[in-house]
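Please keep the sequence and the 3D view open while reading.

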Amino acid sequence: MIKIDGNTIILRGRSMSYIMYVNECGDLLNFHFGRQLADEDYSAMKRECEEKLGYTSNVRSLDVYPQEYPAYGHSDLRDPAFEVVNRFGNAVAELKVKSLKVMSGTAPMEGMPSLFNGSGDAQTLEAVLSDEIIGLEVALYYTVFDGYDAVARSAVLRNVSDSAMTILSAYSASLDLPVNDYEIIHFAGAWGREREMYRTKLTTGMKAEIENARGGSGHQINPFVMVAEEGADEDHGGVYGFSLIYSGNHSTAAKVDQFGALRIEQGINPRQFRWELEPGGEFYTPQSVLCYSCEGIGALSREYHDIYRRDLMRSKWAGKTRPLLLNNWEGTYFDFTEEKLLSMAKAAKDIGLELFVLDDGWFGKRNDDTSSLGDWFVNYEKLPSGIDGLAEKITDLGLMFGLWFEPEMVNADSELYRAHPDWAIRVGEREPVEARNQLILDLSRDEVCEYIIEAVSKILSSAKIGYVKWDMNRQMADMPCLGYNHKYTLGFYKIMSTITGSFPDVLFEGCSAGGGRFDPGVLAYMPQIWTSDNSDAAARLKIQYSTSMCYPVYSISTHVTASPNHQNGRVTRLKTRADVAFAGTFGYELDITKMPEEELNEIKRQIKFDKTIRTLVRDGDLYRLQDPYTSNYCSWEIASKDRRRALLFSCKILSVANSKDKRIKLKGLDPSLRYVNTLTGEVYGGDVLMYRGIRIDYGTYDFATEIIEFSAI
Ligand code: GLA
C-alpha cells in the first residue's frame, strides 16, 4: 500500500493513489492525489516538475510547485501550512526531506483521537522534514488502510534548536491540487439548522476560509469540506473530502493561486492560536482524513461512513444495535417527579422501547436552567429514591436507564462555583460572559478535569446506568490566553478517554445544544450524536441529508417528538416524523403517557419495524436519491453490503395538485436478483428498481413520506 521507490513515494488505496516526489533540492512535492494510476513510470510527472521555473527568471521557485507542507517566505509566497517564529524573530522557513520511513500501524497522536487500526492493516509513512538553519523539524504522517480511498494526515512540529520558538499556525494537512475548475462544498448553519450545505465556485484570488472560532467544532461550521471538480454530482466526477478529527476551533482554507492551482489546508484555526515550543518540545496537530472519489459525492460519503465505522468509533457500541429510547426532555422539560418518570418508563416498556433516558434537571437544585451545573449529586426532593433507586426501578421494568450530564460547565449559582470561583474561565478582571446562565470550566487545569472525572464516575458507579448523554451547551468566550481553545480541547479528550475507558459498557451519546459538536473527535468516544435540537421532521430532511455527507447514518441520533413541533411550530403526521427518524439511532422524545391509544398503536408498529431494520441502518451503504436542497423531494436508500436488502425513504415536501412525480431509481442493488416489497408482497426485478425506477403514491399531504423495504427472494 505504501511504496518508496527511489525518490518517489506511492500510497495506494482501493482506487486512488497519492504520489509524492522528493526533488533534487530535497523538497517534498505532490505528484498526484486522485484516481489510481497503474503506470509506475512517473517520468512525465518528474519532467513537468523539473521544468517548472518560478517568477524570478532563472531561480527555481517553490511558488509554483505542488508541495506537501509548504513554508512561507523563502521562495513560496502562498499561504503556508505553518508559521513558526524562530530565534531570529522572523517566520521564514524552508523544509527539506531528512528521512522517509514506512511503518505498520497508525501515526503517533498525543492526547487526541484519531483513526485506529481496526483490522490491523494500516500502514503509515513518516516523512521527516527539517530546516537546519532555525532548528525546526516537522514529521508528516500519512496513514492508509487496505481497501479504502483515504489518507489520514497529521504533523508533529519539533524544536531541535536551543532557543524557544512560537507556533502561530500549524495545519494538519496541506494539499496542492492542479489547475482545474473547482467548487467547494461546506456545511454551515446555526442552532436548530445545523449543517446546511453550500456549494461555491472557487476563483483565482479568492480565499475560502471555512472556519469556526466559537469554542466547539460548532453549529456554524462543520469541520468537513469537499472540493469537487466542476460538474461532479452525487454519482459522477472527482471529489475530495477533508474531515478533521477535532472538536475545537478549526479551519479549512482554500485558495486558487495566480496560475490556477488550488491549495487547501485543514487543521486547528490559527485565530487566537499561539503555542510556545521550548527547545526539545513537540506539538502534535490533530488528524485530517482526506478521501478521494472518482464516482461523485455519494461514493465519497460511503468511504467516510465505512472508515469511520471501522476505524474511528472505539466504543463497544459502535458495531452493536442501539436500544430504542424514550427521552423525557421534550415530554416534561424540568417539570418531573419520580412518579411521572416511572409512569413514562412503564409506558415506554409497554410499547416496546428499550431505554429510558432522564435528561436535564435531576441534580443540585436545578428546576430551570439558572442553577446547579457542576453539582453532580441527586436532587432528593425531586427523586426521593435517588438515581440509584430510580435506575433500579427502571431496570426492574426491563429497560436500560440513561442519564444526562453537562460536565464541562458550571452555573454561578452552584456549590461548585461558590467553592471554586477560579475554576471558571475568565480574562483577568473582566466579568465573564454567561450564556444560558452558565460559565465554562477550565479544562486546561488538571484538578478541574479530575473533579469532572470523579463526579461523573461516582454517579456512574453508584447506579445501573447504561447510557449517558454528554451535553455542552454554550460557545466559548473569554479565552484566557492564546491557544487556550486547544488546551481546553485536549482536556475534553482526556476526560472522555478516561471516562469512556473506565465505563466501556456504557453507551455515550454526544450533544451540544443539539448538533453543535457533531464531529469525528466526539464520534471517536461517543458512537452517536444528537443531531439538532430541531426535531421537526421537515427541517430534519435537510439536516440529516447533509449530515450524512460525512457521518455514518447510525451515528445520527433521531427522535420522534410532539406535533406541533416545539422548535418551529410545524404540524406533521406521526408517520412522517417516524419515517424521517428511521434513518438514524431511533427514539422518542415526548410524553407518551398522554397519547391516544390509536397513536400508541401506531408507535408500537414503528418500534417493531425499526427493530427489523436497525442492523441495516447500522451497517448498510447509504445512497442519496433526491436532494431536498434543489427539489421538492428528499429520498435516500440504505442498501445492505450484500445487496440483498434495501430500505427506501422518500418524502414529497409540499403537496402539489395533479403532480408529476418522477420515478425513483434505486441504487446499489443486484440487477439480476428479484426483490419483494416486504409490506405489500409486490415483486420487482433489481434491474426494474434500478434502471426503470418505481413511482410512489404520496397522497395529498405536505411532508408526505413513504418508506419501503425490499428484500431479495
Ligand atoms: C440541550 C440539548 C437538549 C436537552 C437540553 C437540556 O439543549 O440539546 O437535548 O438535553 O440541553 O437542558
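1. Basis. This is a predicted model, in which local features need pLDDT of at least 70, side-chain atom pairs count only at pLDDT 80 or more, and totals for chains, interfaces and linings use all residues. Residues are numbered from 1 along each chain as its sequence is written, and side-chain values use heavy atoms, with hydrogens and water left out.

2. Ligand shell. The ligand is surrounded by 13 residues, and the closest are D359, D360, K469, G514 and D533; a residue is near a molecule if one of its heavy atoms lies within 4 Å of it. The shell consists of six charged, five nonpolar and two polar residues. In that count Asp, Glu, Lys and Arg are charged, Ala, Val, Leu, Ile, Met, Phe, Trp, Tyr, Cys and Pro are nonpolar, and the others, Gly among them, are polar.

3. Which protein atoms lie at 2.8 Å from an oxygen atom of the ligand? One is an N or O atom in the side chain of K469, and another is a polar backbone atom of G514. W404 places a polar side-chain atom 3.0 Å from an oxygen atom of the ligand. A polar contact here is a pair of N or O atoms within 3.5 Å; within protein, one must be able to donate a hydrogen and the other to accept it, and residues adjacent in sequence count only if both atoms are side-chain atoms. The ligand taken alone exposes 300 Å², of which the protein buries 95%. These areas come from the Shrake-Rupley method with a 1.4 Å probe, and for residues only the protein chains shown count as cover.

4. Cores. The largest nonpolar core has 202 residues, and Y69, L157, I387 and W470 have the most contacts inside it. Helix α7 (residues 446-462) gives the most to this core, with eight residues. Another core, of 21 residues, lies apart from it and includes A646, M690, I694 and A704. Such a core is a set of buried Ala, Val, Leu, Ile, Met, Phe, Trp, Tyr and Cys residues joined through side-chain atoms within 4.5 Å. Buried means under 20% relative accessible area, exposed over 50%, and partly exposed in between (1.4 Å probe, protein chains only). Helices (H or I, at least four residues) and strands (E, at least two) are DSSP runs numbered from the N terminus.

5. Helix α5. Helix α5 covers residues 386-396, and its buried residues are G386, I387, G389, L390, A391 and I394. Among the elements covering them are α4, β22 (355-358), β23 (400-405) and α7. I387 itself is in contact (heavy atoms within 4.5 Å) with L358, W362, V378, F401, L403, I459, A463 and I465, leaving aside neighbours within four places in sequence. After α5 comes G398, with a positive phi near 95 degrees.

6. E68. Is E68 buried or exposed? E68 counts as buried because its relative accessibility is 0%. This residue sits in the loop between α1 (43-51) and β5 (82-85). The E68 side chain makes a polar contact of 2.7 Å with the side chain of Y18. Beyond four places in sequence, the residues that E68 touches include M20, N30, Y142, R153 and S174.

7. T489. Helix α8 (residues 484-502) holds T489, which counts as buried at 3% relative accessibility.

8. Y198. Strand β12 (residues 193-201) contains Y198, and this tyrosine is partly exposed, with a relative accessible area of 38%. Its side chain makes a polar contact with the side chain of E196 (2.9 Å). Outside four places in sequence, Y198 touches I184, I185, H186 and A188.

9. Backbone points to check. Most residues other than glycine have a negative phi, and most peptide bonds are trans. A513, not a glycine, has a positive phi of about 45 degrees; A513 lies in the loop between β27 (507-510) and α9 (520-525) and counts as buried at 14% relative accessibility. Y333, also not a glycine, has a positive phi of about 50 degrees. Y333 is in the loop between α3 (329-332) and α4 (338-350) and is partly exposed at 30% relative accessibility. The peptide bond from S563 to P564 is cis, with omega near 0 degrees, and P564 falls in the loop between β29 (556-561) and α11 (574-581).
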